[in-house]
Amino acid sequence: MSPVLVLFIVFAILCLIRVPIAVSLGLSSIVALSMTDFTLYTVIQKMFNSLNSATLMAIPGFVFAGIIMSKGGISYHLIEALKSWVGHIRGGLAIATILSCMIFAAISGSSPATAAAIGGIMIPGMVKAGYSKRYAMGLVAAAGTLGILIPPSIPLIIYASVAEESVGKLFAAGILPGLMLGGILIVSAIVHARINNYGQLPKESMDVRWKKSAKAIWGFLLPVIILGGIYSGAVTPTEAAFVSCLYGIIVSVFIYKEMTFPKFREVLKESINITAMIFLVIASAMIFGMFLTTEQVPQNFAAWIEASSSNKWIFMIGVNLMFFVLGMFLEAVAIILITLPILLPVLVLFDINIIHFAIIMTINMEIAMITPPVGLNLFVVSGITREKVGEVVRGVAPFFVLMVVALILVVIFPQISLFLAK
């Protein structure tokens, strides 16, 4: 039996018995590599070398910044300010939820973190205002996916590492598609609220609005510091991640005074757990990729595509369907690390822009976040609300269609993602 076949059989079996993806990738790769000339020392060396990257060091920084924003009062004051401005209009709470997710996305780079931080505050508020709980859960799960499209984005950092592309260009490419998807969700929220006559909050006076906005200004400044620092050239994305950590600590401890030592321990613990999980997936996927490259799987796949189809649009349809199927079972980071090394030669073959493809791939990963049975945001929202995952799935279904529409627009019109990435 060929090593490639052994690898995929072992990987499939481990996934079916619910072994974590990182462990499944690593064990199946080691089993397959044991059938070749590679030694265990080489495998371990490759795993550690794959993490020895300045680009990847941005991940723990953005994870920490997102969690400290959530637990240090920054996200709460942001939401209160947004509610004071738009909460009184029909659909205003839904709009505030989407805008909060967009701002939080510009800090955390994580969809589950965005859904958890915003959902814990906004879902009860929306239900109290007359929104159906199912709709509120679906909205938070869908809007939370903006966490990996609007920069900074952890999946885009990983994509940059694998494809050897500029993180700054990939971040710039995510801005317009992120704003477009946010706009689509806002329009749908307004229409839905008017049709169903959902409730609204009392209108705040201008004085109260300005006071709440002044209180939240420290949170509004954080995305400006992160993205402004990167695009002005003052800091690299990795440096920006740790600047945001320092800023978050200062604001939470000395300005809002909501960060206690026990809370800080929770922030550290959660950050370490999430970062360790991501890095283990990366290390395992790198040896997975090393084996595929050794067996010339990417080259053979590219040759097969060239022989079977000369139409890039058929390829694009096929690859999007593939991402949809993989998204039902695998986590976003794993999908990128498994498929991208195989797809890169094919992108060159069809002259598909690598930066444009990064955004297509990321929107597919967003859709994967709300696709059962493994969609992470579904479980995050289910955990927050203590509702069955099936209820969240029913609530998120209409937003799934809207996100597919956004994906089609980005595929057909590459300039949406390439306009700012020059």
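R18 lies in the loop between α1 (3–16) and α2 (21–33); helices are DSSP runs of H or I with at least four residues, numbered from the N terminus. The model is predicted, so local features need pLDDT of at least 70 and side-chain atom pairs pLDDT 80 or more, while totals for chains, interfaces and linings use all residues. Residues are numbered from 1 along each chain as its sequence is written, and side-chain values use heavy atoms, leaving out hydrogens and water.

R18 is not a glycine, yet its phi is positive, at about 65°. With a relative accessible area of 75%, R18 is exposed. Exposed means over 50% relative accessible area, buried under 20%, and partly exposed in between (1.4 Å probe, protein chains only). D351 also has a positive phi, near 55°, and is a residue other than glycine. D351 sits in the loop between α16 (332–349) and α17 (354–369). Its relative accessible area is 67%, and D351 is exposed. Most residues other than glycine have a negative phi, and most peptide bonds are trans. P151 and P152 are joined by a cis peptide bond, with omega about 0°. P152 belongs to the loop between α8 (133–144) and α9.

Helix α4 (residues 58–71) has 14 residues, which at 1.5 Å a residue should span 20 Å. The expected span is 1.5 Å times one less than the number of residues. The end C-alpha atoms of α4 are 20 Å apart, in agreement. Of the 14 residues, 12 are buried, so α4 is largely enclosed by the rest of the structure. F62, F64 and M69 are among the buried residues. The buried residues of α4 pack against α5 (74–86), α6 (92–108), α9 (154–163), α11 (206–232), α12 (237–255) and α13 (261–294). After α4 comes G73, with a positive phi near 95°.

Helix α5 contains H77. H77 counts as buried, at 11% relative accessibility. Beyond neighbours within four places in sequence, H77 contacts K215, A216, Y256 and E258; contact means heavy atoms within 4.5 Å.

Helices α7 (residues 111–128) and α18 (residues 376–385) pack at about 30°, their axes 9 Å apart. Axes are lines fitted to C-alpha atoms over the stretch in contact, and angles run from 0 to 180 degrees between N-to-C directions. The two helices α7 and α18 are therefore roughly parallel, a class for angles under 35 degrees. The contact involves residues including A115, G119 and I123 of α7 and V380, V381 and I384 of α18.

Notes. Angles under 35 degrees count as roughly parallel, over 145 as roughly antiparallel, 65 to 115 as roughly perpendicular and the rest as oblique.
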